[in-house]
Amino acid sequence: MNALSTPQANSVDPTPPASPAWHRLSSEEAARQLGGDLAVGLTRDEVDRRAAQFGANEILERPPRPPWRMLLDQFTDFMILVLIGAAIISGIIGEPADALAIVVIVLLNGAIGFIQEYRAEKAIAALKLLAAQSARVKRGGETIVIPAVGLVPGDLVSIEAGDVLPADLRLVDAAKF
């Protein structure tokens with residue numbers, strides 16, 4: 001099974017041009033728009049040019065925040081600060097029940113937000129481990145195995161049953177067994 005890798009946003013070009021509806025194009029038209037060749041693949045010079053233009057085929061991420069920072073950030077939202085202020089004012093004017101209720105709500109909100117954010121960070125880390133590490137591509141008429149981060153838009157990627165897809169792809173042909 002062969003597929004064309006399609007361009008995505010990256011750190012080099014944060015505002016990519018509008019992409020055509022790849023699923024509506026014929027395989028030949030998709031290859032033509034990507035400047036690729038379905039028989040030969042991309043040349044080495046073209047791969048180098050596209051790698052410089054689009055950057056690496058990887059998900060960019062910021063360094064992970066420590067859990068204490070995630071928890072602290074739950075209490076920096078404007079509305080949370082307003083509620084904390086309201087709790088302080090309620091305590092000062094002699095309404096301890098209202099102050100306690102507001103504090104409990106703020107703490108529950110912070111705990112729930114922290115748990116959700118912590119789980120989301122762990123899920124993203126787990127998904128990254130599932131990402132493809134390598135890809136079979138046709139370049140200059142030869143099929144080679146490269147690191148998946150080296151894929152560029154227009155690469156002709158060969159995939160088989162059970163493979164993890166190394167990028168966003170446009171299916172070119174498939175075989176039934």
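D155 and R139 are both buried, that is, under 20% relative accessible area, where exposed is over 50% and partly exposed lies in between (1.4 Å probe, protein chains only). The two form a salt bridge, with the closest N and O atoms 2.6 Å apart; by salt bridge I mean a side-chain nitrogen of Lys or Arg within 4 Å of a carboxyl oxygen of Asp or Glu. D155 sits in the loop between β3 (142–147) and β4, and R139 in strand β2, 16 residues apart.

A word on what you're looking at, friends. This is a predicted model, where local features need pLDDT of at least 70 and side-chain atom pairs count only at pLDDT 80 or more, while totals for chains, interfaces and linings use all residues. Residues are numbered from 1 along each chain as its sequence is written, and side-chain values use heavy atoms, leaving out hydrogens and water.

Strands here are DSSP runs (E, at least two residues), as are helices (H or I, at least four), numbered from the N terminus.

R136 belongs to strand β2 (residues 134–139), and D163 to the loop between β4 (156–158) and β5 (169–173). R136 counts as partly exposed because its relative accessibility is 25%, and D163 does so at 33%.

Then there is R65, which pairs with E117. R65 lies in the loop between α2 (44–54) and α3 (67–73), E117 in helix α5, 52 residues apart. Both belong to a salt-bridge network that also includes R69 and D73.
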